[in-house]
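Have the model open while you read, and start with the pair of helices.

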Amino acid sequence: MSALDPTRIRQARDGRRLGVPLVYREHTGSTNDDAMEFARQGAEEGTTVLADHQTRGRGRLGRRWESPPGRNVYLSVILRPSMAATMAPQLTLVAGVAVVETIRAWLPEAVLKWPNDVLVRGKKVAGVLVEMAARGEQVDFAVVGVGINVNMASEDFPSELRELAGSMAEALGQPIDRNEVVITLLQKLEEEYEAYLQHGFEWVRTRWWDRAGMAGQRVSVNTGLRRLEGEAVGLDERGALQLRVGEEIVAIVAGDVTIHGSGAACS
Ligand code: BT5
């Protein structure tokens, strides 16, 4: 199975905005923690941490992200956009478009699930975790963390995840060069981020929804406080999920979505 080759990735990214400089770690706790620390110390926009193995890979709300060595991509990029801190969740959607576009280079059927997942045939293949620090009302820096299951086999997942999680190689039926995935991801992230800075969120909103596997689907949402069921009808101007519940349109700012009706169990 392909080893990560930071020299090759650095060559491919030479002179670009994101992925430069690239810090490679064979083992680390969490690339997001590393990138947050670099950013606090003043690291420039584009600085990226890539790891082969994470011992404390994180999802949202302190959940665990399975990060075994030798198989997948775990990467975090520092951004320093001039934007209001309240708008930072939009970066999750910007990154989501880049991740789904990356996976589609191998698997055109990949789709987005709000707010931060990429699914292939109903299974979660990638997740995004954006964290940020504010200075007053503005974003000081943000860290965009991406985990993509590239060559993970079904038996590599803990048993409780086997039905829910999948990998690119499993769907494609052959192993994939992780360096190609990293190089494509950094390129797509740069393109989507620059388009967002230039055109604003409206641009991302359309691109995100066009790639969503949940348009018009019946979904249920667990916000932590309550559970709602309805039809996914769009994203609002902040990036919240709009759900039609009876006659009403409800905006969901944070939560976990389960898609019904497609036949697949996607949680
Ligand atoms: C996410 O959280 O999907 C965000 C994952 C971000 C991981 C990257 S890796 C690089 C960077 N460094 C980090 O420490 N994190 C980022 P969430 O939506 O909360 O989903 C977490 C849930 O997904 C878990 O509770 C499991 O149910 C499931 N899960 C855990 N590991 C998985 C994996 N490898 N593949 C698919 N699903 C997984």
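1. Helix α5 covers residues 178-199 and helix α6 residues 201-210, and they pack at about 135° with axes 6 Å apart. The axes are lines fitted to C-alpha atoms, for helices over the stretch in contact, and the angles run from 0 to 180 degrees between N-to-C directions. Helices (H or I, at least four residues) and strands (E, at least two) are DSSP runs, numbered from the N terminus.

2. Before going further, a word on the source: this is a predicted model, where local features need pLDDT of at least 70 and side-chain atom pairs count only at pLDDT 80 or more, while totals for chains, interfaces and linings use all residues. Residues are numbered from 1 along each chain as its sequence is written, and side-chain values use heavy atoms, with hydrogens and water left out.

3. Which residues of α5 and α6 meet? From α5 come Glu192, Ala195, Tyr196 and His199, and from α6 come Phe201, Trp203, Val204 and Arg207; contact means heavy atoms within 4.5 Å. By class, that contact has five nonpolar, one polar and two charged residues. Here Ala, Val, Leu, Ile, Met, Phe, Trp, Tyr, Cys and Pro count as nonpolar, Asp, Glu, Lys and Arg as charged, and the others, Gly among them, as polar.

4. Now the ligand. It is surrounded by 28 residues, the closest being Ser30, Arg58, Arg60, Lys124 and Asn149 (near means a heavy atom within 4 Å). The shell divides into nine nonpolar, twelve polar and seven charged residues. Its largest share, four residues, comes from β6, while α2 (31-40), β3 (73-79), β6 (123-135) and β7 (138-148) each supply at least two.

5. Look at the polar contacts too (N or O pairs within 3.5 Å). Ligand oxygen atoms lie 2.7 Å from a polar side-chain atom of Ser30, 2.8 Å from a polar backbone atom of Arg58 and 3.1 Å from a polar side-chain atom of Asn116. Taken alone, the ligand exposes 790 Å², and the protein buries 92% of that (Shrake-Rupley method, 1.4 Å probe).

6. Most residues other than glycine have a negative phi, and most peptide bonds are trans. The Val20 to Pro21 bond is cis, with omega near -10°, and Pro21 sits in the loop between α1 (6-13) and β1 (22-28). Trp114 and Pro115 are also joined by a cis bond, omega about 0°; Pro115 is in the loop between β4 (111-113) and β5 (117-120). Leu61 has a positive phi, near 55°, and belongs to the loop between β2 (48-54) and β3.

7. Finally, find Ala254, in the loop between β11 (248-252) and β12 (256-259). Leaving aside neighbours within four places in sequence, Ala254 is in contact with Trp114 and Thr223.

Notes. Polar contact = N/O pair within 3.5 Å; in protein donor to acceptor, adjacent residues only side chain to side chain.
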